[in-house]
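Thank you all for coming.

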Amino acid sequence: MTPNQSLEKSCQLREYLRTDYLQGLYSVFPFETIEEYDTSGYRDRIYNCENTVLTMVYSATQSDKTLKNSTLIFNRVFENQSNRIINQAKSSIEEDKKVDLLNKVTRRGPKKKYKLNIPKSKISEVSCNTAAYSKARKRIDFKLLSEIFKKTALTESPKKSWHGMNTFITDGTYVQMQDTPELRKIYDVKHNGKENVASYPQALIQAITEQGTGCVYSYAISDRHTSELLLISQLISGIPERSILLADDLYNSFAIFSLAIKNKIELIVSGKRVKAYKVIEEIAEGDEIVEIKKTSHPKWLSKDEVLPSTILLRRLSFLSPDGSTQMVIYTTLLRKDIEKSEIIIKYFTRWDIEITIREVKNIMDINVLRGKTDDIVKKELISAFIGYNLVRKLIIQSTKGTVFFPKTDIIQEFFENNKDVFMDRKGRVYKRWSTGRYEKVGIENH
């Protein structure tokens with residue numbers, strides 16, 4: 001397939017999702033996770049576990065994330081499920097008829113009636129009242145959503161691994177929340193250790209995305225005053241062994257390097273800050289194996305975590321692409337068969353061809369989370385990541401069997417072309433690239 005044909009196929013998928021996106025999700029949604037999960041505590045009601053989860057995930061992909069719109073989406077989910085159940089029942093009746101026709105044994109008693117035996121709760125009309133859906137969201141176990149997220153994060157990359165290693169990218173970003181007592185207690189923004197009454201509650205999201213598939217692989221959420229290094233130290237053990245993690249200069253830390261080595265993953269970071277080192281071996285010009293000594297134990301790291309006294313790193317120095325600045329990269333990758341230029345190019349792909357959590361946040365419209373409790377906020381966030389990963393899976397399916405991988409990330413078009421501008425009565429909208437504060441709409445935007 002030529003590149004143009006592959007791009008055309010991706011565009012056709014985009015059009016398909018615009019018209020029947022929910023049906024598209026059905027093809028990649030891990031229903032087996034819900035079937036295998038212990039849902040004995042859930043009544044088989046209209047707002048059952050499966051229908052509610054599907055609604056939460058699909059609603060997370062929409063620009064209108066109101067409860068009212070979610071209820072309308074639920075009606076579609078319920079209608080699809082009802083039609084599936086009715087069709088299955090009809091097929092079962094037809095099979096019974098065929099079996100009875102082949103069976104020549106005379107049956108005593110009244111003539112057998114072939115009727116659809118379907119509970120009313122499966123075919124009843126759904127109320128548009130948002131209260132029922134709101135209660136249903138609260139009933140969903142967060143552990144179930146976590147299991148679904150794990151399934152969506154596992155994908156077969158359409159790109160070959162780099163020197164036999166899969167690549168991951170980590171970064172942190174902030175999201176704003178609703179100003180409720182519960183959220184302010186957990187995610188309050190403080191200034192000089194004191195409560196800042198003028199600000200909304202904010203959370204830090206630390207995420208790891210997989211290069212190639214673009215899926216959100218894992219994440220952690222905490223208050224704004226938590227260190228990104230603390231969160232990545234909790235996530236790093238979940239990265240598969242013999243993988244590569246790309247990160248910026250913030251992660252140029254002795255402790256983070258030590259944790260990467262301990263968990264058998266390779267870390268590549270920029271080295272903007274001056275670091276004391278001892279040259280052990282010179283591989284080539286600007287390519288050295290160096291020894292780094294441990295400094296003080298970081299406050300964010302548990303005291304139970306024992307760090308080595310020294311570690312070996314590879315230090316690469318080179319001119320920036322425009323030739324104006326001397327740059328440095330540190331990596332745990334000591335393999336001499338991988339040349340300096342390859343590592344430099346690999347690191348720069350972190351910006352050039354991949355989407356990180358900051359872009360995911362904007363694409364999924366989660367700059368401002370709508371939930372008013374910590375439980376709903378976390379469910380809202382994980383639902384957004386599940387929805388994002390499912391769309392990624394659809395894109396991967398559309399490019400299978402081709403050597404072409406879109407240079408520009410087509411996933412942005414899946415969402416950008418379907419966004420609406422939402423305005424309140426005072427003419428305020430959520431500014432797309434802001435942390436979530438309201439902005440006045442000018443006449444030109446009407």
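Predicted model: local features only at pLDDT ≥ 70, side-chain atom pairs only at ≥ 80, totals over all residues.

**From the surface inwards**

Let me begin with L334, which counts as partly exposed because its relative accessibility is 33%. L334 sits in the loop that runs between strand 11, residues 326–331, and helix 11, residues 340–352. Together with I280 and L312, L334 makes a nonpolar surface patch of about 230 Å².

Stepping back to the chain as a whole, the protein has 446 residues, of which 49% count as buried, and its secondary structure comprises 14 helices and 13 strands. The accessible surface comes to about 24400 Å², and carbon and sulfur atoms account for 51% of that area. If we take the contacts with a separation of 6 or more, 67% of them are between residues 24 or more positions apart.

Now to the loop between helix 12, residues 357–363, and helix 13, residues 374–399, where I366 is found. Is I366 buried or exposed? With a relative accessibility of 2%, I366 counts as buried, since the cut-off for that class is under 20%. Once its neighbours within four places in sequence are set aside, I366 is in contact with V175, K361, L381, A384 and F385.

D365 is partly exposed, its relative accessible area being 26%. A positive phi, near 60°, is also found at K264, again in a residue other than glycine. K264 lies in the loop between helix 10, residues 254–262, and strand 7, residues 266–270, and with a relative accessible area of 52% K264 is exposed.

Let me turn to a pair of helices. Two packed helices are described by the angle between their axes and the distance between the axes. For helix 3, residues 49–60, and helix 6, residues 130–139, the axes come within 10 Å and cross at roughly 100°. The two helices, helix 3 and helix 6, are therefore roughly perpendicular to each other. On the side of helix 3 the contact is made by T52, T55, M56 and S59, and on the side of helix 6 by Y133, A136 and R137.

I would like to pick out T52, which is found in helix 3 and is buried, with a relative accessible area of 0%. Not counting residues up to four places away in sequence, T52 touches Y47, F74, Y133, A136, R137 and I140.

That leaves the charged pairs. How many salt bridges does a search of the whole structure find? The search finds 12, and I will describe three of them.

One is between R314 and D287, whose side chains meet at 2.8 Å, N to O. This pair links distant parts of the chain, with R314 in strand 10, residues 310–319, and D287 in strand 9, residues 287–293, the two residues being 27 apart. R314 counts as buried, at 0% relative accessibility, and D287 is buried as well, with a relative accessible area of 2%.

Another joins R184 to D179, with the closest N and O atoms 2.8 Å apart. Here R184 counts as buried at 15% relative accessibility, whereas D179 counts as partly exposed at 42%. These two residues also belong to a network of salt bridges that links D179, R184 and D188.

The last one I will mention is between the side chains of E241 and R242, at 3.7 Å from N to O. E241 is partly exposed, with a relative accessible area of 42%, while R242 is exposed, with a relative accessible area of 58%.

To close, let me return to the two pictures I would keep in mind while you look at the model. Helix 3 and helix 6 cross at roughly 100°, and the side chains of R314 and D287 meet in a salt bridge. I am happy to go back to any of these places.

How values were computed
Residues numbered from 1 in each chain as written. Heavy atoms only, no water. Patch = residues over 30% accessible without salt bridge, like charges linked within 9 Å, V, L, I, M, F, W, Y side chains within 5 Å. Areas by Shrake-Rupley, 256 points an atom, 1.4 Å probe, with all protein chains shown as cover. Salt bridge = Lys/Arg side-chain N within 4 Å of Asp/Glu carboxyl O. Helix = DSSP H or I, 4+ residues; strand = E, 2+ residues; numbered from the N terminus. Buried < 20%, exposed > 50% of the residue type's maximum accessible area, 1.4 Å probe, protein only. Contact = heavy atoms within 4.5 Å. Axes fitted to C-alpha atoms, helices over the stretch in contact; angles between N-to-C directions. Parallel < 35°, antiparallel > 145°, perpendicular 65-115°, else oblique.
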